[in-house]
Structures are given as C-alpha cells and as structure tokens.
Amino acid sequence: MTNETTSTIAPEIPAGDPRPLYFRALDWVAALAGAVPHDRMADPTPCHGFDTRTLLAHLVTTVRRPAAIAAGTDPMAAPLVSEDVLPDPATAYVAEAAALRAAWSAPGGEVPLDRTVRLAFGEVPVRVALWAFLNETLVHGWDLAVATGQNPEADPDLAAAALAAARVLLPAEPRGGPVPFAAVVDPAPGAGPTERLANWSGRRRR
C-alpha cells in the first residue's frame, strides 16, 4: 500500500502482542537471506520489478522502518529500496534484522503497542503496523525462497496467523491503483500456508 493519508486506521485484527510472531518471521527470512548464493542475485523473483538483489535491499527497508518506530523517528523516511546495501544486501539484512529484534526486545525499550505511527496507508496503532510488517516479511520471504530455490514455507501456524490478519488489512477488493497489489490468486492444489499468504497478496509462481 503506498497511498498517503492522514486518517487513523484501526482494523479488527487479532488482539495481543504480535512481536513474538514477527520475530519468528524475521528469523526465517534472515536464514533465507544468509543462504542466498552470490551468483543468484540477478535472478527474477515473483515480486514484480525486483530481482533478488533489489528484493533483499527492499527487505532491508522493511527492517529499517520498524527500527525507526522503536527509535521514535519517521518510518517512512526510509526509501523503498535501501540502495546503500546493494553491494551485499543479504549480509545487511541478517545484521539489521538481528539489531531490530534486539531493539524491540530490550528491557525498558518496549514501544507502546497502542501508540500511533504513520505508514504509507495511514496512521495506525503500532500493533497494526507490526501485523503489516509481519505480512510483508513473510510474503517477501516467500518471494526470496521461490527465486533462490529454497523452502518457501515458514512455520504453518505463523503463516496462518499472518493470513488471518492480511485478510483484514488487505481486503480482496479493491486492488490496483492506489492499492498496489494484484488481484488475489487462487491457490494451487496443495499450496502451503505461506504460499496462500503470498497468493492473497497477488503473487503466483512463475
């Protein structure tokens, strides 16, 4: 979602603290990133317009934005693609994901989950923002795994929780225009929970 708005959005997503699930998603994608062969950085991905290198650099941005929330700065100041890490985006993602996990876990450094932050799709409580980052992390993790020949399925309960939230945060209609997601893709027979989550964001295997 990229349209800027000043409205406050508080959809009815699951209650509770999403950080444990988000940390698991970070760990999963960090493991995928750390295993990307250097000779596959130019490979295409299911995420339109991103090869593996630029997808990883965008994933760094998806870590820097919640890091900014923890620091009390503007998360949207981070560009869509963190071009400064393009020489070695996989190493950068692994390091910055670990630093983000530490920042959100540090005693006394907790961010109030009901605090309002500004994201591309409006002003939302931090809790909602974390569900959005969780969704983005898992979907791009699936993109990365498919592109580089790795196992594209995260833990089933993790992906199922993210999909339940995604159905609220990202309705099936409308898509396109100011909502930059393709139409929902019908899952293939036997598709796992993470692939179904990616399908909900309009992804399909090439």
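Modeller: The axes of helix α1 and helix α5 (residues 156-169) come within 11 Å and cross at roughly 120°. Axes here are lines fitted to C-alpha atoms, for helices over the stretch in contact, and angles run from 0 to 180 degrees between N-to-C directions. Helices (H or I, at least four residues) and strands (E, at least two) are DSSP runs, numbered from the N terminus. Angles under 35 degrees count as roughly parallel, over 145 as roughly antiparallel, 65 to 115 as roughly perpendicular and the rest as oblique; α1 and α5 are therefore oblique to each other. The crossing of α1 with α5 is left-handed, a term used if the near helix is turned anticlockwise from the far one by less than a right angle, with right-handed for clockwise.

The model is predicted: local features need pLDDT of at least 70, side-chain atom pairs count only at pLDDT 80 or more, and totals for chains, interfaces and linings use all residues. Residues are numbered from 1 along each chain as its sequence is written, and side-chain values use heavy atoms, with hydrogens and water left out.

Contact means heavy atoms within 4.5 Å. By that criterion, Leu21, Arg24 and Ala25 of α1 meet Asp157, Leu158 and Ala161 of α5. This contact of α1 with α5 has four nonpolar, no polar and two charged residues. In this scheme Ala, Val, Leu, Ile, Met, Phe, Trp, Tyr, Cys and Pro count as nonpolar, Asp, Glu, Lys and Arg as charged, and the others, Gly among them, as polar.

Helix α1 (residues 19-34) also packs with helix α2 (residues 52-71): their axes come within 12 Å and cross at roughly 155°. α1 and α2 are therefore roughly antiparallel to each other, and their crossing is left-handed. From α1, Tyr22, Leu26, Val29 and Ala33 meet Leu56, Leu59, Thr62, Val63 and Pro66 of α2. The residues of this contact divide into eight nonpolar, one polar and no charged.

These helices belong to a protein chain with six helices and two strands, in the order α-α-α-β-β-α-α-α from the N terminus on. As for confidence, pLDDT is the predictor's own value for each residue, from 0 to 100. The chain has a mean pLDDT of 88, and 89% of its residues reach 70 or more. Confidence is highest in α1, at 97, and lowest in strand β2 (residues 122-125), at a mean of 88.
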